[in-house]
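Subject: Structure handover, salt bridges

Hello,

Here is the structure I promised to pass on. Please open it first, then read my notes below.

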Amino acid sequence: MKKLFPFLMLFFVLQLSSQETYWTSYNFIVEPHNAATVLKLTDDYFKAHKQEGVTVSLWENHFNDSGNNFTHSIVFSGSLDALGKQYSSGPSDTWSLFLTRLNQHIKDGFSSSMGNGIAIYGDENEEYPVRRLFLSHVSDPAAYAASFKAFNSKHNPKGRLIFLGQINSGHSPEGETHYLVTGFKDFKAAIGGVFELVPEENKKAFQKAWQESRESGGDVKLIRSSTRVRLGQW
């Protein structure tokens, strides 16, 4: 049975050396009666043991399709220098003990991936615990990124965080190349979507600009979408 341990042992093998923002994600399955214990173990460990410059987040995979139905994700993000130092530091006794305890409460591993961010818009100092995630195959990455930046630099409404990035390893057979994440302050905003956050007087201009952005971004095929909820961040 594949659990989190074999995925995270790779944590100390990769060597990263750049100043761009990168992330790594480990997805796994937890049965409901073990969910609180997984949160507590993760909280206890990362409150005391965390690489400087790296943000650790634990997520619940809340809305998803049947091919993407893991329950939890641990995501590490930060500069490549900080993330690379963490990945090359070597396992410690405390880390091994944490994984051993955690795996006792994980039913199975699911997948893992890594990538880097391209652009982000919104107030990063505010809380956006509910995230809608879109994975897509992008035919023209340069045009797509340019279109994303042009639109969101002018038309990102208050109350939403949005960021775009690319997936560099861990692609599924569907061939997703990029991810787009929209962050919302609560479920009401996430359910309503970004258009509900746009002031009424700006909606026509928003729709027009959005359509122009889609046309200029090249061929983009949506692979899957989901909604996740942040359980903790360290």
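A residue counts as buried when its relative accessible area is under 20%, as exposed when that area is over 50%, and as partly exposed in between. Keep those cut-offs in mind. Also note that this is a predicted model.

I looked at charged pairs. Side chains of opposite charge can pair when their charged atoms come close. The structure holds eight salt bridges. Here are some of them.

**Asp43 and Lys47**

Start in helix α2, which covers residues 35–48. Asp43 lies there. The side chains of Asp43 and Lys47 form a salt bridge, with 3.1 Å from N to O.

Is Asp43 buried or exposed? Its relative accessible area is 19%, so Asp43 is buried. That value falls under the 20% cut-off. Lys47 has a relative accessibility of 63%, so Lys47 counts as exposed.

Asp43 has another partner. Its side chain makes a polar contact with the side chain of Trp234, at 2.7 Å.

**Glu127 and Arg230**

The next salt bridge links the side chains of Glu127 and Arg230, at 2.1 Å from N to O. Where do these two residues lie? Glu127 is in the loop between β4 (108–121) and β5 (130–138). Arg230 is in strand β8, residues 220–233. The pair therefore ties together parts that are 103 residues apart in sequence. Arg230 has 16% relative accessibility, so Arg230 counts as buried.

**Glu212 and Lys208**

Now go to helix α7, residues 203–216. Glu212 and Lys208 both lie in this helix. They are four residues apart, about one turn of the helix. Their side chains meet in a salt bridge of 2.6 Å, N to O. Lys208 is exposed, at 53%.

**Where to look**

Begin with Asp43, which has the salt bridge to Lys47 and the polar contact to Trp234. Then trace Glu127 to Arg230. Finish with Glu212 and Lys208 in α7.

Best wishes

Conventions. Residues are numbered from 1 along each chain as its sequence is written. This is a predicted model: local features need pLDDT of at least 70, side-chain atom pairs count only at pLDDT 80 or more; totals for chains, interfaces and linings use all residues. Side-chain values use heavy atoms; hydrogens and water are left out. A salt bridge is a side-chain nitrogen of Lys or Arg within 4 Å of a carboxyl oxygen of Asp or Glu. Buried means under 20% relative accessible area, exposed over 50%, partly exposed in between (1.4 Å probe, protein chains only). A polar contact is a pair of N or O atoms within 3.5 Å; within protein, one must be able to donate a hydrogen and the other to accept it, and residues adjacent in sequence count only if both atoms are side-chain atoms.
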